[in-house]
Amino acid sequence: MKVDFNIDIHHLPRVEGHGDIRISVRDGKLVDAKWAVVETPRFFEVMVKGLSAERVPFLTSRICGICSISHSLASIRSLERAMQITPPETARIIRLLAMHGETLQSHALHLFFLAAPDFAGTPSAVPLLQSHPEVVEAGLMLKELGNELSIATTGRATHPVSLVLGGVSKAPSKQRLAEIKQMIVDRKPMLDKATEFFKTLTIPDFVRETEFISLFDGESYPYIGGDLVTTDGVRRDENDYLAMTNEYTVEFATTKFTKVSRESSAAGALARFNNNYDLLHPQAKAAAEAFGLKPVCHNPFMNNVAQLVECHHLVADAEEIIDCLLDDDLRDIKADYKPRAGAATGAVEAPRGVLYHYMETDENGKVVKGDCIIPTTQNNANIHYDLHALAEQALAQGKGEKEVEKLCEMLVRSYDPCISCSVH
Amino acid sequence: MNHLGFDIEKLKIGSFDFTCCEGCQLQLANKESTLPEFLALLDIRNFREISSERLDDYDIALVEGSITRQDEVERLKAIRAQAKVLVAYGTCACFGGMNAQKNKFDKEECIRTVYGDKEIDTMQESHKISDFVKVDYSIPGCPVNKEEVERIVVSIATRSPISLPKYPVCVECKQRLNTCLFDLGEVCLGPISRAGCDAVCPSGKTVCLGCRGPADDINYDSFVQLVREHGLSEDEMKEKLAFYNGFAEYLNHEG
Ligand code: SF4
Ligand code: SF4
Ligand code: SF4
C-alpha cells in the first residue's frame with residue numbers, strides 16, 4: 001500500500017528549547033526530513049563585547065540553565081589562557097568536581113525524566129512515579145547528588161557563584177566534602193538499580209556512520225581542556241577549534257550547523273566514549289559491557305547508554321577527587337592577575353559534548369571579541385541527517401506514520417539536545 | 001490534597017518559556033527531597049520541557065524568559081487570555097534579564113556579527129513580559145529560588161497573601177556573618193537589591209549583581225556615595241547595575 005503523510009512536530013517536547021521535526025512522505029517514499037530549529041537568538045557573542053573579563057563567566061553561564069558550570073568554565077579557561085593566568089592546582093580539582101556534579105545532574109535529568117518516558121510509553125515521568133517508583137526515586141537521588149556536588153563546589157546548582165578568573169573564590173568546607181562523600185557511598189546502589197532498569201529497555205536498532213568529536217589528553221577521561229580529536233583520525237590543538245567546527249547557516253534553522261571531515265559530526269557522551277574508552281573507570285567499563293556497548297558505536301540511540309556509563313565513571317571519580325581534597329589544606333585557591341591583551345580558546349566537555357568559548361581581551365581586560373560554539377550546534381547537522389536515514393529505514397521496514405513519528409522524536413531526544421543554547 | 005485539615009484542589013498549572021536559558025523552569029525539578037510533595041500540589045497541564053502532554057485548561061501560567069521576537073508577543077497574549085493568574089518567572093521575564101545587554105547594540109550589528117548575511121528576525125530590545133501583558137505576580141531571580149517558588153505556589157493554593165522580602169540582600173548577608181565585600185575593595189549591589197536569595201553570591205565571596213532587582217525604598221544616592229567613599233570605580237558600578245536590567249531606571253540617574 002502506498003502511503004502519504006506529513007509529520008510536523010511543533011516545539012518537540014521533553015527537550016530544552018524550541019525545535020520542530022518536519023517529515024513528508026509521498027507514495028511510501030521519503031520526500032523530505034528536516035530538523036528545523038525555530039528558537040529565538042540571544043546574541044551572546046555581541047553581549048560580551050566591552051564587558052570586563054571577570055564578569056563574562058557570569059554572563060555566559062546564562063547561555064544554559066542545565067550546563068551553566070560548563071559555560072562558566074569554558075569562558076574562564078579561554079580568558080585565563082588569553083590573559084596568561086594559571087589557576088592553582090586545588091582550584092583545578094574543585095572545578096573538576098563541579099563539572100562532575102553538573103554532568104551527573106544533567107545525565108540523570110535526561111535519562112530518567114526526558115528519555116525514560118519514551119521507552120516506557122508515557123508522556124512524562126509523572127506516571128512512572130506510580131509504575132516504577134524505585135526507578136524515579138533512583139533518578140531523583142542521583143540528580144540530587146549531582147546538584148549537591150555543584151552546590152558544595154560553586155555555591156549554587158544553576159549559575160555558579162564562586163567560579164572566577166584565577167581559581168575559585170571560596171573552597172568547600174571539609175565537613176561538607178565529608179558529607180558528600182558519605183552521600184556518594186549511600187547512593188552508589190542507585191546506579192546499579194538504574195542500570196538494571198535501563199537493561200530492560202529496547203534500544204532501537206539504527207546505525208548511520210558518523211564522525212565523533214571530543215577532547216582527548218590520553219591521561220584522563222576528558223572534562224576541561226585537551227586536544228580535539230575525531231574518530232576519523234583528525235587531531236588538533238584546542239586553539240584550532242574553527243577547523244573542527246566550520247559553522248554554516250541553513251535556511252530552515254536559527255541555529256548553525258557544523259562539520260569536520262563528513263557532511264556532519266557528533267559530540268556528546270557517545271563521542272567521548274568512542275574516543276576515550278580506555279580512560280574510563282573500571283566500574284564504568286563494566287557497565288558498558290553489561291549493555292554490549294563498545295567503541296566505535298554508531299547507533300545514536302546508544303548515547304543514552306553512554307550517559308549511564310558516564311554516570312558510573314563520574315560517581316567513582318568524584319569519590320577519589322573528594323579524597324584528594326580532604327588531604328589538601330584548601331588554602332591556595334585563587335591566583336592574582338593583572339588584565340592584559342590576548343586571545344585564546346577554552347574547550348570543555350559539557351554534558352552534551354565539547355563546548356568552545358573563544359575570547360579576545362584588550363590591555364584593560366575588556367573583551368573585544370567572543371565566539372561560543374555549543375555541543376548541540378555541533379550535533380544539529382547530525383540530527384538532521386540521522387532523521388532522514390532513520391525515516392527511510394523505518395519506511396523500508398513498512399512502519400506507519402505513528403511509528404515513524406515516535407522513532408524520530410526518540411532519535412532527537414537521544415542526543416539530549418539543548419536547542420535554546422545552540423542558538424545563542 | 002489536604003493542607004492543615006483543609007481540602008485544596010490541585011493547581012492547574014502551565015509552564016511556558018520564551019527567550020532564555022530555561023534555568024528557572026529547571027528549578028521546579030530541583031530540591032529533589034521535597035519534589036514529590038511539591039508535585040502533589042500541582043496538576044501539570046502543559047510543560048513542554050518535561051512532558052509531551054499539552055492541555056490548554058490551566059489556571060496558572062508560569063512564564064519564563066524575555067520577549068525578543070514578534071511571534072513571542074502573540075504566543076504570550078494567548079497564554080494571558082487563558083490563564084487566571086500569570087506569573088512572571090525569573091529575571092528575564094521580570095526585567096528583560098541579562099538578554100537586555102544586547103539592547104545597547106544596534107540589532108543589525110547583532111545579526112551581522114553572529115549570522116553574517118542570513119536574515120534573522122529579532123526585536124531591537126529584550127523586553128520584560130509586562131511590556132505586553134498584565135502580570136499578576138513576579139518571582140525574580142536568575143535563577144529563581146526554589147524555596148521561594150514553593151512558598152509562593154503554596155500561598156496561591158491556600159489563597160494566602162503573597163509577598164517578596166522588601167529589605168535588601170545585605171540583611172541576609174549579615175545574617176550569614178559574611179565579611180562585607182566592600183571592605184575587600186569590591187562594588188557589591190547588595191545594599192540596593194531585593195533579598196530572598198539568602199545572599200547566595202556574597203556568601204560564595206562574589207558580588208551581588210542585583211538579579212532580583214531593586215529592594216523597596218532603596219536609597220540609591222547613598223549607595224553611590226558608598227561606592228565613592230570606598231574609592232571604587234563608578235564605571236564598574238554601572239556595568240554591574242546594567243547586568244540584569246533590573247536597575248534600568250537608575251542607570252542614568254546622577255547620584
Ligand atoms: S532568569 Fe536567569 S536562570 Fe532564569 S531563564 Fe533567565 S537567564 Fe535563565
Ligand atoms: S557583601 Fe554585599 S550584600 Fe554583603 S553586606 Fe556587603 S554589600 Fe551587603
Ligand atoms: S546575591 Fe544578588 S545577584 Fe546573587 S542571587 Fe541574590 S540578588 Fe541575585
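So, let's start with what the record has. UniProt, in an unreviewed entry, puts a "binding site" feature at A:Cys64, A:Cys67 and A:Cys418. Those positions span 355 residues in sequence, yet no two of their C-alpha atoms are more than 9.5 Å apart, so they gather at one spot. Keep in mind that this is a predicted model.

Let's take two of these cysteines in turn. Is A:Cys64 buried or exposed? Buried, with a relative accessible area of 0%. And what does A:Cys64 touch, leaving aside neighbours within four places in sequence? In chain A, the contacts are A:Glu16, A:His71, A:His159, A:Cys418 and A:Cys421. Then there's a contact over in chain B, with B:Cys21. Hold on to that residue, please.

Now A:Cys418. This one is also in a chain A loop, between α13 (401-414) and α14 (419-422). A:Cys418 comes out buried, at a relative accessible area of 2%, and the cut-off there is under 20%. Again leaving out neighbours within four places, A:Cys418 is in contact with A:Glu16, A:Cys64, A:Arg352 and A:Thr376. You'll spot A:Glu16 in the contacts of A:Cys64 and in those of A:Cys418.

Back to B:Cys21, then. Ligand 1 lies between chains A and B, and the space it takes up is the second largest cavity.

Last stop, ligand 3. Residues from chains A and B surround it, so this site is shared between chains. From chain A we have A:Arg156. From chain B the shell includes B:Cys197, B:Cys201, B:Cys208 and B:Cys211, plus B:Arg212. Where does the largest share of the shell around ligand 3 come from? That's helix α8 of chain B, residues 200-203, which gives 3 residues. As for classes, the shell around ligand 3 has 8 nonpolar, 1 polar and 2 charged residues.

That's my tour, so over to you.

Note on methods: Residues numbered from 1 in each chain as written. Chains lettered and ligands numbered in written order. Predicted model: local features only at pLDDT ≥ 70, side-chain atom pairs only at ≥ 80, totals over all residues. Heavy atoms only, no water. UniProt positions renumbered as here; feature names shortened; annotations may be inferred. Buried < 20%, exposed > 50% of the residue type's maximum accessible area, 1.4 Å probe, protein only. Contact = heavy atoms within 4.5 Å. Helix = DSSP H or I, 4+ residues; strand = E, 2+ residues; numbered from the N terminus. Near = heavy atom within 4 Å. Nonpolar A, V, L, I, M, F, W, Y, C, P; charged D, E, K, R; others polar. 1 Å grid on protein atoms, 1.4 Å probe; cavity = no way out; pocket = protein on both sides within 12 Å on 5 of 7 lines; lining within 4 Å. Sits in = over half its atoms within 2 Å of the grid points.
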